[in-house]
Amino acid sequence: MSPQIVPWSQIQTQIDRIRATHRVRALTNCFTPLTDATDLAMLASDTAVVFACAETDFSRLYYHATDVASLAQLLADFKSTLPLVIGYVDKAKNETLCAAFRDTGFVETAHYLRMTNSAFPVPDTAEQPEFATVDETDDVMALLRSTFNAVTDHLPSRERLRSLIEQQQVLVRREAGQITGLVAFQVLGRQVNFNYLLNRGRRGDGSVLKQSFFRCMAERGLTSGFLWVDSANERARQIYSANGWKADGLNDWFYTRQAA
Amino acid sequence: MDQILDILSKIRPETDYSASTDYLADGLLDSFDIVTLVSDLDAAFGISIPGTEITPERFRNAESIAALVNQYRNA
């Protein structure tokens, strides 16, 4: 069955219709409206909707369903020329849902943990934080794309990245005028999402960037935040733990299906 | 209002919602929680909150959530 290309508003209407008819706690991985997305591909039934949003070289699948069987039927029917990535966020693994993913050709590829920190350490640096400039947007984008996993790390679009840079939410280290390391974050009210940390410069610059981040947070009166870390990356988890971050029990599982 | 606080406490049992007037800014509620909360409000009050109403300002605190619920209970 071929999905239909529709605007977000049509998907929203379909979700509202399902919710109005079936007042149950839905299965969903769609937590924010995709109002800016174009070319969303949707497949729907009376009890479920599945839709794909194309990213770099794959499509990310979102769903809203009253039950696993309805979702599994749409996943089985959903044809795509691009690899599909689907996931879900929950405190505990839903084995029935995982079985539905596996039965419809998806393979688990990653598992991330959310870590929170409610008392950032006092920054140990007197250096003024350096921020990326709008002119460096493409350089930052290239560094992010070559360092992080587009599937699991939810890389920002160029427009989103530019907006973060304009809001001074990308800290950098430079050597000979070139960016060699960065921290990108997103302020959400009185807490911050610590998104990306990379260092290709001098040994120790990663620590300097972390201290710059904490200094920047202290200057903005922010003392708490969260991040997502690959559960298989033991070293990263240990480093974050040493800096006061603790797993809060929320998980993000990723599944991938190759193109038909 | 008590029923709303009861629903909230089931989503995050460790959280004291009475100490905050802005759940989102204070990190007591995030987008994942809001999706669960909307389903629970729909079921508990026999309403259907439209997706277009699922915006951060409608879930800022118990008062704004109560206003949202009442809007659709009376609709």
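This is a predicted model: local features need pLDDT of at least 70, side-chain atom pairs count only at pLDDT 80 or more; totals for chains, interfaces and linings use all residues.
Residues are numbered from 1 along each chain as its sequence is written, and chains are lettered from A in the order in which they are written. Local features need pLDDT of at least 70, side-chain atom pairs count only at pLDDT 80 or more, totals for chains, interfaces and linings use all residues, and side-chain values use heavy atoms, without hydrogens and water.

**Exercise 1. Describe the fold of chain B.**

Step 1. Count the elements: chain B has three helices and zero strands. Helices here are DSSP runs of H or I with at least four residues, strands runs of E with at least two, numbered from the N terminus.

Step 2. Read them along the sequence: the pattern is α-α-α.

Step 3. Check the radius of gyration, taken over C-alpha atoms; the globule rule is 2.2 Å times the number of residues to the power 0.38. Chain B has a radius of gyration of 11 Å, close to the 11 Å that the rule gives for 75 residues, so chain B is as compact as a globular protein of that length.

**Exercise 2. Describe the interface of chain B and chain A.**

Step 1. Count the residues in contact (heavy atoms within 4.5 Å): chain B gives 24 residues and chain A gives 21 residues.

Step 2. State the buried area, which is the accessible area (1.4 Å probe) that two parts lose on being put together, summed over both. Between chain B and chain A it is about 1700 Å², with 49% from carbon and sulfur atoms. A25(B), F32(B) and V35(B) supply 30% of the area that chain B buries against chain A, more than any other three residues.

Step 3. Count the salt bridges (a side-chain nitrogen of Lys or Arg within 4 Å of a carboxyl oxygen of Asp or Glu). The interface has four salt bridges. Helix α2 (residues 31–45) of chain B gives nine residues, the largest share of the side of chain B that touches chain A.
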